Amino acid sequence: MSATVLYTPEVLGLAVRLAEHGWDDSLPFQAEARSPSCGSTIALGLALDACGQVERIGIRSHACAIGQAAAAIFADAVQGRSRADIAEANEAIASWLGGQASLPDWPGLSQIAAARDYPARHGAVTLPWKAALAALPEPARNG
C-alpha cells in the first residue's frame, strides 16, 4: 500500500481541524499519552458535567497526521460520553486494529480505517482514548 492511501485529503482535513479543540490549562482532568511505535504524543484535558460525562475537551498534539486525525475524531464525538464509554471504545478499537473485530461504532472512525493496514500507526490511532482513560478518575468501587 502507498502512503497516499493512508494520508487522504479527509485525514489531512481532520488533522487541520484539530485546532478547533485547543488546549485549555483550566480543564481539571489532564493526561498525556505517547505511542511507542511512532513517538506521537498527545496531551488531553477534560471537564465533566454533574453526571460524569465529558463536557469540554482541550488537546495539544505532537503527532503524525493519523494521530491528529484520530484526536479530532475523538474530540468531535466524546462530548456526553462517560469514562466507561471511552474504555469500551478503546477496547473495541484495539480489537479492530488487531484484526479481531470489525470497525467500531465511533463516529468518524471510518475516515482513518486505512490505518489498520499500517501497524506502525496503531499507537497513534489509540492515543486520545488512552490519554482520556489516564486523565479521568476510575469510578469508586463498593465493597
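1. Ile-59 sits in strand β3 (residues 54–62). Helices and strands here are DSSP runs, numbered from the N terminus: H or I of at least four residues for helices, E of at least two for strands. The model is predicted, so local features need pLDDT of at least 70 and side-chain atom pairs count only at pLDDT 80 or more, while totals for chains, interfaces and linings use all residues. Residues are numbered from 1 along each chain as its sequence is written, and side-chain values use heavy atoms, with hydrogens and water left out.

2. Ile-59 is buried, at a relative accessible area of 6%. The cut-offs are under 20% for buried, over 50% for exposed and partly exposed in between, with a 1.4 Å probe and protein chains only. Leaving aside residues up to four places away in sequence, Ile-59 touches Leu-18, His-21, Gly-22, Trp-23, Ile-42, Ala-43, Leu-44, Ala-71 and Ala-75. Contact means heavy atoms within 4.5 Å. Ile-112 is 53 residues from Ile-59 along the chain, and their C-alpha atoms are separated by 19 Å.

3. Now the helix pair. Helix α2 (residues 9–17) packs with helix α3 (residues 65–78) at about 65°, axes 7 Å apart. Axes are lines fitted to C-alpha atoms, for helices over the stretch in contact; angles run from 0 to 180 degrees between N-to-C directions. α2 and α3 are therefore roughly perpendicular. That term covers 65 to 115 degrees; under 35 is roughly parallel, over 145 roughly antiparallel, and the rest oblique.

4. On α2, the contact residues are Val-11, Leu-12, Leu-14, Ala-15 and Arg-17; they meet Ala-65, Ile-66, Gln-68, Ala-69, Ala-72, Ile-73 and Asp-76 of α3. By class, this contact of α2 with α3 has nine nonpolar, one polar and two charged residues. Nonpolar covers Ala, Val, Leu, Ile, Met, Phe, Trp, Tyr, Cys and Pro; charged covers Asp, Glu, Lys and Arg; the others, Gly among them, are polar.

5. Gly-108 falls in the loop between α4 (83–97) and α5 (122–135). Gly-108 is partly exposed, at 24% relative accessibility. Phe-29 and Gly-108 are 79 residues apart in sequence; C-alpha to C-alpha, they are 24 Å apart in space.

6. Last, the cysteines. Cys-51 is exposed, with 68% relative accessibility. The whole structure has zero disulfides, a disulfide being a pair of cysteine sulfur atoms within 2.5 Å. Cys-64 is in no disulfide: the nearest cysteine sulfur belongs to Cys-38, 4.7 Å away. Cys-64 is buried, at 15% relative accessibility.
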